[in-house]
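Take a look at the chain below.

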Amino acid sequence: LDASPKDMSSAVCAATPNSTSGSLGSRAMMASMEKYIMATDMDLVATDGSEEFPQFIAWVKSKFLHIVCLWHRLDSDGSMMLHKGEFTQGMRRLQYPGHVERLWHLIDRDTTGTISFIEFAPESALELSRFKRWADQKF
């Protein structure tokens, strides 16, 4: 099985897969992702006491049902990376009612100016990685 993270996450939202490359299922990648998830608790309220992140999660669940579905709407070029402009324009286009700039700073914790799928949805990325590893081993 040779499927990219984009292909695998497309299934979550019943979208059509695009490319067929990538190695998200490697043991090293999974170990790295597990460390990342442990280091970044995406369920936390922002350190400044902001309620932006819980508001964001509630909005995602009510409008898209799953964060991966939102990712597909934002990552229109399929790069598995969101630049700040791509993120802010997409969130405004989707009528996010909160503070887009504040949300960007909460998600872009490493302050690189881009958000990867792993950064955006670490638990989903890990689940997809585990599924890909299982599928590679079975098929």
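Predicted model: local features only at pLDDT ≥ 70, side-chain atom pairs only at ≥ 80, totals over all residues.

The protein chain has eight helices and two strands. From the N terminus on, their order is α-α-α-α-β-α-α-β-α-α. The chain has 139 residues, and 44% of them count as buried. Its accessible surface is about 7,700 Å². Carbon and sulfur atoms hold 55% of that surface.

Next, go inside. In soluble globular proteins, nonpolar side chains tend to be buried together. The largest nonpolar core here has 28 residues. Which of them touch the most other members? They are Phe56, Trp59, Leu70, Phe87, Met91 and Phe120. Helices 3, 4, 5, 6, 7 and 8 each give two or more residues to this core. Helix 4 gives the most, with six residues.

Now zoom in on Leu70. Leave out residues up to four places away in sequence. Leu70 then touches Phe56, Trp59, Val60, Phe64, Met91, Leu94 and Phe120.

Arg73 lies in helix 4. Is Arg73 buried, exposed or partly exposed? Its relative accessibility is 46%, so Arg73 counts as partly exposed. The limits for that class are 20% and 50%. Beyond its neighbours within four places in sequence, Arg73 is in contact with Phe64, Arg93 and Leu94. Phe87 is 14 residues from Arg73 along the chain. Their C-alpha atoms are separated by 9.9 Å.

Terms used: Residues numbered from 1 in each chain as written. Heavy atoms only, no water. Core = buried A, V, L, I, M, F, W, Y, C linked by side-chain atoms within 4.5 Å. Buried < 20%, exposed > 50% of the residue type's maximum accessible area, 1.4 Å probe, protein only. Helix = DSSP H or I, 4+ residues; strand = E, 2+ residues; numbered from the N terminus. Contact = heavy atoms within 4.5 Å. Areas by Shrake-Rupley, 256 points an atom, 1.4 Å probe, with all protein chains shown as cover.
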